[in-house]
Amino acid sequence: DKYFQNNVDQGMSADNLAERPSIEATYKKEASLSDHLFWQLNLTVDSDADKFIGTCIIGNIQKDGYLGTDLSEIADISQTDEANVERVLKIIQKFEPLGVAARSLQECLMIQARELPKKNLLVENLIEKYLDRLEDRLITKLAAEFKTDLAKILDALNIIRKLTPKPGKIG
C-alpha cells in the first residue's frame, strides 16, 4: 500500500503548467509560399545572378501566387535585361505550386495545362483563345467552332475546372 502511495503520479502543480510551452508553440511552423519557392530556387538555379533575379521575382509574388510587378522593374533592380528575367521567371513558374508567378489567370492555367500528364490540345486552345467565353457557357458554339462533339468540350472544361486559378492559396 505504501509503495503505491509513494509512486502514484500526483499530477502537475499550477507552477509546472506555467513553465511548459503552449501546445501551439510545439507545432512545426508551416513554410510560407515564399520560403517554399526560395528552397526550390536554391535547388534549381546555380548562378548567383540567376538566384538574385529569382529572389526579386519571388519577393514580388502576391499571396494568391501571381507576380505583382512588371518584368522591366525586376530587370532594373537586377541590372539585367528583360530576357534574363523572363528566362528565370519560366523556371519559377514550373515550381510547386505549378503556375505560381503567373501574370494573369490565362497564363496561370496555361502553365498548368502544358504540364498535364496527358497533353490535351483542346484544353490548351480553350484556355488560350476562349477563356473569356468559357464563363458565358457557350459550349455548343465552342463545339461547332472546334468541329468536335459536345462531350469532348465538356471533358476539356472539367479538366480546366480542376486546375488551380490561385496557386498561392493552396492549403
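E145 is partly exposed because its relative accessible area is 38%, where buried means under 20%, exposed over 50% and partly exposed in between (1.4 Å probe, protein chains only). This is a predicted model, in which local features need pLDDT of at least 70, side-chain atom pairs count only at pLDDT 80 or more, and totals for chains, interfaces and linings use all residues. Residues are numbered from 1 along each chain as its sequence is written, and side-chain values use heavy atoms, with hydrogens and water left out.

E145 forms a salt bridge with R133, at 2.8 Å from N to O; the term requires a side-chain nitrogen of Lys or Arg within 4 Å of a carboxyl oxygen of Asp or Glu. The pair links distant parts of the chain, with E145 in helix 10 (residues 139-146) and R133 in helix 9 (residues 121-134), 12 residues apart. Helices here are DSSP runs of H or I with at least four residues, numbered from the N terminus. R133 has 24% relative accessibility, so R133 is partly exposed.

The whole structure contains 8 salt bridges. Another of them joins E86 to R103, whose closest N and O atoms are 3.3 Å apart. E86 lies in helix 7 and R103 in the loop between helix 7 and helix 8 (105-114), 17 residues apart. E86 and R103 also belong to a network of salt bridges with K90 and E107.

In the salt bridge between E124 and K119, the closest N and O atoms are 2.9 Å apart. Here E124 is buried, because its relative accessible area is 8%, whereas K119 is exposed at 60%.

Technical notes: Helix = DSSP H or I, 4+ residues; strand = E, 2+ residues; numbered from the N terminus.
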